[in-house]
Amino acid sequence: MADDSIAVVDLDRCQPDRCNYECANYCPPNRTGKECITTRGEDTEEGDPDQIRISEEICLGETCGICVEKCPFDAIEIINLPQELTEDPTHRYGENAFGLYGLPVPEPGKVTGILGPNGIGKSTAVRILAEEITPNLGDYGADPDWETVLDRYRGTELQNYIERLMDGDIEVARKPQYVDQIPKQFDGKTRELLEHTDERGQLDYLVDELSIAPVMDQAIDSISGGELQRVALAATLARDADFYFLDEITPYLDIGQRVKAARLIQELAEDDEDRSMLVVEHDLAILDLLTDTLHIAYGEPSAFGVVTPPKSVRNGINEYLKGYLTNENMRIRPSAITFEQHAPRETAKSAPLVEYPDLSKSYGDGEFSLDVEGGTIHHGEVLGVVGPNGIGKSTLAKMFAGQLEPDEGELDFLLDIAYKPQYIEIDQPMRVDVFLSSITDDFGSSYWNTEVAQPLQLNRIMEQNLTDLSGGERQRVAIAACLSKDADLYVLDEPSAHLDVEQRVQATTAIRRYAENHDATVLVIDHDIYMIDLLADRLMVFDGEPAEHGHASMPQEMRAGMNDFLSDLEITFRRDERTGRPRINKPGSQLDREQKKQGEYYYAP
């Protein structure tokens, strides 16, 4: 195989007990007596003895690809690497395993961002910078050492950081990606967790700024996902560290909470010129607002990843959306992600699906209550639902889904409702394909594959067990399960959580296409303005006092709804002149002041 090609075997998918080694039997080098595709044998350090390995020295490369076609489980990839990769990888996990090229550069006193798909090596890069992995520079059979790594990066912006790492002069604080796993690792009250991490004496300030005082004396396993996210952020920022790694700060947070979290991270970076912050994030509006420089990560998920040198934030995001990296002369996506044609749109003139009266729901004296203005939901429209956390959006979804009864007003819906909840609990030891086929008779049909499976990238995980899926994979399966049901109204609560940028766009495409092709009505609750911007025809806006009282407006046009929503948060958005993407104006900036004066919080007309 050429030096610019690699062979990757997904050991989670390789199932020799269910095949006849078609990959080896049809391999041209094998048929001439060479040992290109062989079993790993009893001495293997990774995988099972009966699973295969591919000799990259003998393999003919992507020009052959017979093994890729013959493998019934899509476990093999033969990939031509970009020609720009002139050096060996920074780290490769083993034979036929994932390889990472390049590293991000933590800048003292700055917030550095990483933007890229899931499974592209961002966590591997961070583990290297946190000294949890000593990079092997592609020689996975050798015993790696930091002196060799320093020689590789001598004269680069990483030299000083690696020298400090070798001298033991780097303390690391990390916020985990999946905060819903925290209760499985810590058994106690929120206060106990946070007091344990308070090394800078800033706990009271962080608790106040992140509005988590009400949950300080609650058990960790009893608080919501949004509360867990803010607790995890407080626990990380309370530590006295030199390098902070924050993996996805926005899932389950509303827009106001996301802006507040961004401001706290920026403050911490500015307080100490030696302190470095590295943020992995998929909410482009927050990434744009938060970071000082940006690395793009691209490649083939689970096969190889490339981390670019730092770029300016605006250019980096715009190049990523365009799908073409200028300095690298690299196309990373076949088509651009654009926004201009999506919003604001006029509401489709269609017949009403349902008209509902004024509603109210109370959880008891002194507990949360919700009032809903009566309104109309139309056939075939996508209705966006926005508002702060704890304001009653999920309560409304559950009332529409028949899981809660209103105290006042009657929901006499003669509708079938499919509901995807906010928090996805999957504990069934069942394969994905078996689970989805139990929901719809259309599973596997050409139209189901085109409209659901392909946009949601489900094909590669069909044979995995539900319990083994990542957060993003569970989310995509849950969206597919909801859309696969035969229903009049599809209610999706925060479908963007744990999805990367491409996956969010693809999920949006799947939801939008399904609504249009089936004249189906969809209600989407989400905090990602990009997703709402791409998806919604109209908005229902919630306001009030979180955890105390909520109020839901009747559905209204996008501009009017977004102006109501954003004015309550005192946040203004503009469109990027190149891509049309939504961008948050910096608070107090000239554009921010001008739009507020005009009363136009959702793009100046």
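Q: How far does helix H20 (residues 558-569) reach from its first C-alpha to its last?
A: This is a predicted model: local features need pLDDT of at least 70, side-chain atom pairs 80 or more, while totals for chains, interfaces and linings use all residues. Numbering starts from 1 along each chain's sequence, and side-chain values use heavy atoms, without hydrogens and water. Helices (H or I, at least four residues) and strands (E, at least two) are DSSP runs, numbered from the N terminus. H20 has 12 residues and an expected span of 16 Å at 1.5 Å a residue (1.5 Å times one less than the residue count), and its actual reach is close to that, 17 Å.

Q: Which residues of H20 are buried?
A: Buried here means under 20% relative accessible area (1.4 Å probe, protein chains only). Their cover includes helices H11 (255-271) and H19 (529-535) plus strands S19 (382-386), S23 (538-545), S25 (556-557) and S26 (573-575), going by contact (heavy atoms within 4.5 Å). The buried set in H20 is Met558, Gly561, Met562, Asn563, Phe565 and Leu566.

Q: Is Tyr252 buried or exposed?
A: Tyr252 sits in the loop between strand S9 (243-247) and H11. Its phi is positive, near 75 degrees, although the residue isn't a glycine. Because its relative accessibility is 5%, Tyr252 counts as buried.

Q: What is the relative accessible area of Glu494?
A: Glu494 is in the loop between strand S21 (489-493) and H18. Here's another non-glycine with a positive phi, about 50 degrees. Glu494 is buried too, with a relative accessible area of 2%.

Q: Which are the edge strands of the open sheet of eight strands?
A: Pairing takes at least two DSSP bridges between two strands. The order runs S5-S6-S12-S11-S7-S10-S9-S8, with mixed pairing. The strands that pair on one side only are S5 (91-92) and S8 (172-175).

Q: Which residue in S11 does Gly113 stand opposite?
A: Strands S7 (residues 111-115) and S11 (residues 293-300) run parallel, joined by four bridges. Follow Gly113 across to S11 and you land on Leu294.

Q: Which residue takes a positive phi in the hairpin of S16 and S17?
A: S16 (residues 359-362) and S17 (residues 369-372) run antiparallel, with four bridges between them. Lys361, for one, has Leu370 in S17 as its bridge partner. Six residues lie between the strands, and the one with phi near 130 degrees is Gly364.

Methods:
Buried means under 20% relative accessible area, exposed over 50%, partly exposed in between (1.4 Å probe, protein chains only).
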